[in-house]
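Subject: Handing over a structure, with notes on what was found

Dear colleague,

I am passing a structure on to you, with the sequence and the model shown just below. Please look through it first, and then read the notes that follow.

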Amino acid sequence: MMSQSFKRIHVIVLDSVGIGAAPDASVFDDEGADTLGHIAERMNGLTMPNMGALGLSNIKEIQGIEKAKAPAAFYTKMQEASNGKDTMTGHWEIMGLHIKKPFQVFPDGFPDSLIQELEEKSGRKVIGNKPASGTDILDELGEEHVKTGALIVYTSADSVLQIAAHEEVVPLEELYEICETARAMTKTGDYMVGRVIARPFVGEPGQFKRTPNRHDYALKPFGRTVMNEVKDAGLDVIAVGKIADIYDGEGVTEAIRTTSNMDGMDKFIEVAEKEFHGLSFLNLVDFDALFGHRRDPEGYGKALEEFDERLPELLDKLDEQDLLILTADHGNDPVHHGTDHTREYVPLLIYSKAFAGGKELPVRLTFADIGASIADNFNVTMPEHGKSFMEELT
């Protein structure tokens with residue numbers, strides 16, 4: 001390991017920001033996927049000078065982003081080892097797990113038997129029951145829901161069962177209870193899904209708007225993660241955004257909710273200003289939810305540029321005892337077919353003011369190298385999967 005260990009490690013997952021098709025992309029029907037590359041082409045070049053200075057275009061040249069002559073960060077890309085390309089698989093692997101069996105998805109909606117059971121237990125009818133965008137489904141079925149009180153059930157490319165309801169039609173407490181019931185029904189067997197998500201909304205027909213009262217009910221990770229080890233060592237694990245939900249609170253000492261990418265950056269910068277010893281962990285979900293799934297490369301590109309503009313604010317809060325890791329959990333190429341995630345490499349940028357400069361690292365064969373490196377730094381039990389890169393940061 002390098003001579004210095006860091007007091008604080010900050011991890012940011014740029015949700016779905018892939019950097020080119022993985023070697024096994026064809027197995028997932030994702031040949032040719034390239035989230036960053038295709039967005040840059042559609043934008044006639046991305047303006048991301050701060051990520052460029054760290055070495056983003058040194059990993060793979062991206063239109064509009066200059067390759068850094070002297071990258072400030074250590075840089076490479078990572079290949080997912082687990083069998084899947086969803087949020088939970090990617091995040092759980094980042095923290096040291098290996099998922100052999102992919103989470104179940106429901107491209108044709110959920111089985112009638114599950115829907116009937118949910119209707120019986122909730123006392124409400126179900127409408128929808130298909131894959132859909134969270135805003136499109138409200139445009140389509142919101143008015144019917146308001147008139148009838150029927151629950152809007154839908155899914156996505158992820159392993160999720162989502163239940164949308166107007167806060168004035170189904171009180172939040174009732175919606176949460178229904179989601180807890182659905183979670184109990186989908187923990188095992190043929191119905192098992194990674195997350196059940198409460199999706200409350202407000203407004204009038206044509207102007208429905210989802211509220212920040214979303215709540216995720218996730219499965220527990222299939223094993224102990226590095227976050228468990230860090231927490232059990234008496235250190236801080238501060239989860240920002242949907243991180244706490246993804247790990248069902250496992251290994252989390254403090255959870256901070258966010259409403260958007262920019263709110264996420266605000267909250268993460270506030271965390272960086274605090275005194276703590278351990279890990280801070282942020283997911284920026286808008287890239288995936290608002291732009292990847294909706295196949296909006298221009299919106300995605302603008303969101304990437306907005307993130308880049310905020311990066312110096314975060315870097316200003318860090319000192320030589322801080323390590324920053326920037327990565328992603330999968331791809332979601334907005335010019336690729338369908339509305340699904342894409343099996344891609346993800347970028348890895350590792351920065352600290354303690355470094356004289358960065359350089360290229362070998363391609364990582366599992367996302368779990370991040371978890372292994374965190375465990376190595378804090379001298380806690382190493383995960384079964386992953387290889388620490390800490391000694392390579394010289």
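Predicted model: local features only at pLDDT ≥ 70, side-chain atom pairs only at ≥ 80, totals over all residues.

Residues are numbered from 1 along each chain as its sequence is written, and side-chain values use heavy atoms, with hydrogens and water left out.

The first annotated site

UniProt, in an unreviewed entry, applies the annotation "binding site" to Asp15, Asp329 and His330; UniProt positions are given in the numbering used here, feature names are shortened, and annotations may be inferred rather than shown by experiment. These residues span 316 residues in sequence, yet no two of their C-alpha atoms are more than 7.2 Å apart, so they gather at one spot.

Aspartate 15 is found in the loop between strand E1 (8–14) and H1, where helices (H or I, at least four residues) and strands (E, at least two) are DSSP runs numbered from the N terminus. Aspartate 15 has a relative accessible area of 0% and is therefore buried, a word that means under 20% relative accessible area, with exposed meaning over 50% and partly exposed in between (1.4 Å probe, protein chains only). Setting aside residues up to four places away in sequence, aspartate 15 touches, among others, Lys242, Asn283, Tyr300 and Asp288, a contact being heavy atoms within 4.5 Å.

Histidine 330, for its part, is found in the loop between E12 and E13, and it is buried with a relative accessible area of 1%. Beyond its neighbours within four places in sequence, histidine 330 is in contact with residues including Asp15, Lys85, Asp288 and His341.

The second annotated site

The unreviewed UniProt entry also places a "binding site" feature at Asp288, His293 and His341. Although these residues are spread over 54 residues of sequence, they cluster in space, with a largest C-alpha distance of 8.5 Å.

Aspartate 288 lies in helix H11 (residues 286–292) and counts as buried, because its relative accessibility is 3%. Not counting residues up to four places away in sequence, aspartate 288 touches Asp15, Ser16, His293, His330, Asn332 and His341, a list that includes residues named in both annotations.

Histidine 341 lies in the loop between strand E12 (322–327) and strand E13 (346–351), and it is buried, with a relative accessible area of 1%. The side chain of histidine 341 makes a polar contact of 3.5 Å with the side chain of aspartate 158.

Two helices

Two packed helices are described by the angle between their axes and the distance between the axes. The axes of helix H1 (residues 35–42) and helix H12 (residues 297–316) come within 9 Å and cross at roughly 100°, the axes being lines fitted to C-alpha atoms, for helices over the stretch in contact, with angles running from 0 to 180 degrees between N-to-C directions. That makes H1 roughly perpendicular to H12, since angles of 65 to 115 degrees count as roughly perpendicular, under 35 as roughly parallel, over 145 as roughly antiparallel and the rest as oblique. In this contact, Thr35, Leu36, Ile39 and Arg42 in H1 meet Pro297, Glu298, Tyr300, Gly301 and Leu304 in H12.

Two further residues

Which strand holds aspartate 322? Aspartate 322 is found in strand E12, and at 1% relative accessibility it counts as buried. A polar contact of 2.6 Å joins its side chain to that of arginine 8, and the side chain of aspartate 322 also reaches the backbone nitrogen of aspartate 319 at 2.8 Å.

Threonine 211 is found in the loop between strand E7 (209–210) and strand E8 (215–218) and is buried, with a relative accessible area of 15%. The side chains of threonine 211 and glutamate 167 are joined by a polar contact of 2.7 Å.

With best regards

Technical notes:
Polar contact = N/O pair within 3.5 Å; in protein donor to acceptor, adjacent residues only side chain to side chain.
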